[in-house]
Amino acid sequence: MAFWTGVKSGVAALCAVFVSASMAIPAQSGSMPSMQTGSATSQPIGHFEFCQKNRSECGVRSRAGAAPRVTASGWAVIRQVNAAVNREISPVTDQELLGRDEVWSYPKGRGDCEDFALEKRRRLMQRGFAAGNLLMTVVRKPDGEGHAVLTVRTAQGDFILDNLENTVKLWTKTPYRFLKRQASNNSGRWVTIDNSAEVLVGSVGK
């Protein structure tokens, strides 16, 4: 089953889960449906350490090009994966689970926000979605707290899979300030998000 139009399918804060009842297929709406990325930037230390243990996943090179259009069946898979991971994983901080902060890993029943995002990315790749369109992303919540989500890059816009929300939303419809994400052409590199100021959010000060 093809998930992309014209593309063959292949194979340290508590991030509490909030389940939303809305599960409608995402539709492009509002301005700037796609993020504008800028220059290379620092890789989060947690992702760097994750890459040392999972080199094959952090060395993926993708061809530059337009994002693919997701089919109706593809959106169904995206929604299902987002909701399933949110339901199956119990939220807990790295400090509570491992005794230190910024540990990015695949969750085994428990994890924090970046662990949720990594698991969603893995499951979508297993269902045939390309790594270059599944991008780990760092944001700032309205209360100033750091947070990690997964961005799904599509022709309809950039959509967010979040452990705080079961609804898959266009990035401009979230309450976050977007700071940086994985580069779409290199899973081991990170780039700034230039138009993060377009999203109405709170303080980004540390």
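Cysteine 113 counts as buried because its relative accessibility is 6%, where buried means under 20% relative accessible area, exposed over 50% and partly exposed in between (1.4 Å probe, protein chains only). This is a predicted model, in which local features need pLDDT of at least 70 and side-chain atom pairs count only at pLDDT 80 or more, while totals for chains, interfaces and linings use all residues. Residues are numbered from 1 along each chain as its sequence is written, and side-chain values use heavy atoms, with hydrogens and water left out.

The structure holds one disulfide, a term that stands for a pair of cysteine sulfur atoms within 2.5 Å. Cysteine 51 and cysteine 58 form it with their sulfur atoms 2.1 Å apart, the link is left-handed with -80 degrees about the S-S bond, and both cysteines are buried.

Among the eight salt bridges of the structure, each a side-chain nitrogen of Lys or Arg within 4 Å of a carboxyl oxygen of Asp or Glu, one joins the side chains of arginine 123 and glutamate 88 (2.8 Å, N to O). Arginine 123 lies in helix α4 and glutamate 88 in helix α2, so this pair ties together parts that are 35 residues apart in sequence; helices (H or I, at least four residues) and strands (E, at least two) are DSSP runs, numbered from the N terminus. Arginine 122 forms a salt bridge with glutamate 119, their closest N and O atoms being 2.6 Å apart, and because these two are three residues apart in helix α4, about one helical turn separates them. Glutamate 119 counts as buried at 7% relative accessibility, whereas arginine 122 is partly exposed at 28%. Through shared partners, salt bridges join Glu88, Glu119, Arg122 and Arg123 into one network.
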